[in-house]
Amino acid sequence: MVDDDELNRLRDIAAPAPAKDAKARAFEAALRAYDQENISAVTQGSVGGLRLTERAQKLWSEIMQKKLIATPVLAGLVALPIAGYATFHMLREQPPKFGGDEKITETLADKPATVRPTTAQPKPAPTGLEKDKKADADVESRDATDALVAPASPQKSESTVAGGAAQQNALERGVLAEPAPPAPTGEFALDGAVSAPSTSRARMPAESKLTAPQQPSTLPADQMQPQPENRDRIEDFKTNPVHAALEDPVSTFSIDVDTASYSFVRSSLKQGTLPQVDTVRVEEMINYFPYDWKGPESASTPFNSTVSVMPTPWNTHTRLMHVAIKGFDVKPTEQPKANLVFLIDVSGSMDEPDKLPLLKSAFRLLVSKLKADDTISIVTYAGDAGTVLEPTNASQKDKILSAIDNLTPGGSTAGEAGIKEAYRLAQKSFVKDGVNRVMLATDGDFNVGQSDDDDLKRLIEKERKTGVFLSVFGFGRGNLNDQMMQTIAQNGNGTAAYIDTLAEAEKVLVEDASSTLFTIAKDVKIQVEFNPNKVSEYRLIGYETRALNREDFNNDRVDAGDIGSGHSVTAIYEITPKGSGGEQIDALRYGQASVDNGGVANADEYAFVKIRYKLPNEDVSKLITTPVTSANEISSFDQASTDQRFSVAVAAFGQKLRDEDATAKFGYDKIMEIATAARGADPFGYRSEFLSLVRLASALGGNR
């Protein structure tokens with residue numbers, strides 16, 4: 001029972017002060033939860049704030065340490081002066097929630113009208129002035145917490161308000177007219193726990209203005225809520241098989257410098273789920289990282305290749321043939337003029353924090369990277385395509401940034417019309433011997449107009465011949481058309497990247513801007529012929545979606561990947577040396593006659609690597625060849641370079657995520673061990689982040 005002496009104690013422990021700290025505001029908020037009129041009396045009309053005495057601070061600290069989870073605890077706290085009033089109010093409406101750090105994260109709102117403690121008569125409806133005071137008090141209460149503001153609770157019925165006022169009046173007079181109401185059984189949370197909602201009208205808690213309202217649920221507390229439908233479109237593919245070198249000695253594929261898969265995998269793991277198998281393209285994970293491969297001496301030879309053969313960490317019977325390509329790094333002073341068109345999806349689905357807002361921040365970063373005489377245009381599409389910014393010199397940064405900042409989402413996705421308009425502007429400001437590129441940023445499908453991937457492919461192939469290339473940047477989850485991104489980027493002589501954070505935007509558009517924008521070689525293909533006399537079997541790790549026919553290698557009409565300034569490309573084959581005992585395919589009964597005839601040339605070679613490419617402004621390809629012999633061998637895996645070992649660790653991780661047979665018995669702990677030892681120089685933290693992803697995958701997959 002509470003009497004006037006208790007009220008006097010509350011008044012005694014608070015005094016007016018010229019400044020109000022957070023603790024004082026929190027204390028005042030708790031007192032206000034008991035009675036607004038008493039607060040005015042305690043503060044003696046002070047507007048400047050409340051200063052707590054040492055005694056009050058100690059009392060408040062005791063209240064903060066209490067975990068209000070059960071009726072016995074609530075009853076015990078009635079003995080404490082302030083906690084008693086707060087508990088009574090919670091029994092009447094809703095209990096406060098305490099976080100794991102024992103700080104109040106929720107206060108009560110929408111309290112029923114109260115009365116003066118000196119009268120038993122119901123208090124009249126608040127006047128406009130009193131409502132204003134109430135609003136000011138709510139603002140101060142919000143300042144005392146770090147919680148987010150949520151919509152106010154629904155208005156209570158008149159009977160509930162009247163009943164609450166009567167109980168409050170009785171308590172203030174020191175007499176309880178009725179037994180105290182039972183402890184609430186509604187949504188009472190302690191350290192994240194949520195109890196089942198009450199079905200009693202009298203126990204229905206009010207929603208707080210400081211946290212999102214909890215909705216009653218029939219699901220158990222530990223059951224996950226249903227996830228929204230995932231409409232991501234991912235191309236499915238089968239892992240490369242093992243080939244017998246005697247039957248099928250030639251492997252041909254297009255190089256790939258895309259990085260979208262790694263970002264997609266990272267996003268999944270950080271959301272607490274193992275990635276969908278087909279989102280894992282091992283070559284894109286390997287090539288996400290910068291490596292210090294040896295590059296060419298001049299731009300006349302656009303890239304250099306280095307081939308090594310080393311033991312396989314996950315199989316003692318096989319070896320890895322590691323092919324590393326490094327592109328010539330164009331110096332900033334030598335970079336050609338850039339003509340860029342930003343093609344931005346502003347459809348309604350882009351109205352999410354990790355889509356259009358992140359996109360705008362990403363493109364602002366790119367603008368800051370460009371030279372003053374570079375040209376930027378902006379085209380948007382949503383229902384219809386529109387030109388937001390005609391070709392403008394990058395020196396007019398304020399004008400460009402203002403155009404980006406004013407982008408707003410809405411409408412369907414008229415991607416076809418947007419692409420055509422973007423190409424029109426690119427041709428309008430075309431730079432001969434320069435960089436002419438459309439940069440498409442989107443979250444999903446082109447659902448208005450020409451939306452078939454094959455039709456888009458043909459459209460972009462046609463425009464590619466004019467010298468305008470296209471790169472694609474994906475944003476957001478749930479509607480991402482990764483398959484379309486890969487198709488049009490590959491056929492647009494561009495790259496496909498997935499941007500899930502601002503840090504990734506900085507990597508792709510700032511740190512890797514040269515390789516993203518400035519092409520030094522196009523239609524780059526690799527063909528490897530294995531010597532059956534030295535290699536029994538082989539398999540290419542990754543590049544499944546980049547496979548080419550054997551005859552495509554010499555056909556200059558067949559499109560392939562491109563290498564940008566300073567780009568590094570890595571391809572890894574797992575090979576089985578002849579006689580190692582690791583063969584998975586039975587030998588042919590009569591096949592040996594073709595190699596044991598004594599007339600085989602270059603019998604000491606493991607393989608013969610051929611790379612074909614075109615210079616950016618040429619249509620006839622050039623050829624680079626590299627024989628792979630015992631001179632390329634490394635005796636032990638630990639003797640391989642830091643970059644080689646780290647790239648192998650990434651390759652193992654990608655295969656592990658795809659649940660491939662080759663790494664079935666090779667645990668995440670082994671991958672972590674290799675990557676940690678080979679982390680080396682890591683100025684941007686990419687490799688450290690990789691280690692954290694391996695740990696996440698291990699936890700989610702049980703280190704299988």
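This report walks through a few features of the predicted model above, from the whole chain down to single residues.

**Ground rules**

Residues are numbered from 1 along each chain as its sequence is written, and side-chain values use heavy atoms, with hydrogens and water left out. Because the model is predicted, local features need pLDDT of at least 70 and side-chain atom pairs count only at pLDDT 80 or more, while totals for chains, interfaces and linings use all residues.

**The chain as a whole**

Let's start with the big picture. The protein chain has 20 helices and 18 strands. These are DSSP runs numbered from the N terminus: H or I for helices, with at least four residues, and E for strands, with at least two. Of the 704 residues in the chain, 52% are buried. Here, buried means under 20% relative accessible area, exposed means over 50%, and partly exposed is in between (1.4 Å probe, protein chains only). Now take contacts, meaning heavy atoms within 4.5 Å. Among those between residues at least 6 apart in sequence, 78% join residues at least 24 apart.

Two packed helices are described by the angle between their axes and the distance between the axes. Axes are lines fitted to C-alpha atoms, for helices over the stretch in contact, and angles run from 0 to 180 degrees between N-to-C directions.

How do α18 and α19 pack? Helix α18 (residues 642–657) meets helix α19 (residues 668–677) at an angle of about 155°, and their axes are 8 Å apart. The two are therefore roughly antiparallel to each other. That label goes to angles over 145 degrees, with under 35 counting as roughly parallel, 65 to 115 as roughly perpendicular and the rest as oblique. On the α18 side, the contact is made by R645, F646, A649, A652, F653, K656 and L657, and on the α19 side by Y668, I671, I674, A675 and A677. Sorted by class, that contact has 10 nonpolar, no polar and two charged residues. In this sorting, Ala, Val, Leu, Ile, Met, Phe, Trp, Tyr, Cys and Pro are nonpolar, Asp, Glu, Lys and Arg are charged, and the others, Gly among them, are polar.

Next comes helix α20 (residues 686–701), whose axis comes within 10 Å of the α19 axis and crosses at roughly 170°. So α19 and α20 are roughly antiparallel to each other too. Their contact is made by Y668, I671, M672, A675 and T676 of α19, together with F690, L691, V694, R695, A697 and S698 of α20. It divides into eight nonpolar residues, two polar and one charged.

**Aromatic rings**

Rings of Phe, Tyr and Trp (its six-membered ring) pair if their centres lie within 6.5 Å; planes under 30 degrees apart count as stacked, over 60 as edge-to-face and the rest as tilted. The structure holds 20 such pairs. Here are two of them.

| Pair | Centre to centre | Angle between planes | Type |
|---|---|---|---|
| F253 and Y543 | 4.6 Å | 45° | tilted |
| Y538 and Y573 | 6.2 Å | 65° | edge-to-face |

F253 sits in strand β4 (residues 250–254) and Y543 in the loop between β14 (535–541) and β15 (561–564), 290 residues apart. F253 is buried, at 1% relative accessible area, and Y543 is buried at 1%. In the other pair, Y538 belongs to strand β14 and Y573 to strand β16 (residues 568–577), 35 residues apart. Y538 is buried at 2% and Y573 at 1%.

There is also an aromatic cluster, formed by Y262, Y288, F289, F646, F653, Y668, F684, Y686 and F690.

**A few single residues**

L359 lies in helix α11 (residues 356–369). Is L359 buried or exposed? With 0% relative accessibility, L359 counts as buried. Leaving aside neighbours within four places in sequence, L359 is in contact with I344, M350, A441 and F475.

S565, in the loop between β15 and β16, counts as buried at 3%. Not counting residues up to four places away, S565 touches F328, D329, V330, S514, S515, F518 and I520.

Finally, a backbone detail: most residues other than glycine have a negative phi. D433 has a positive phi, near 60°, and lies in the loop between α13 (415–428) and β10 (435–442). D433 is exposed, at 58%. D659 likewise has a positive phi near 60°; D659 lies in the loop between α18 and α19 and is exposed at 54%.
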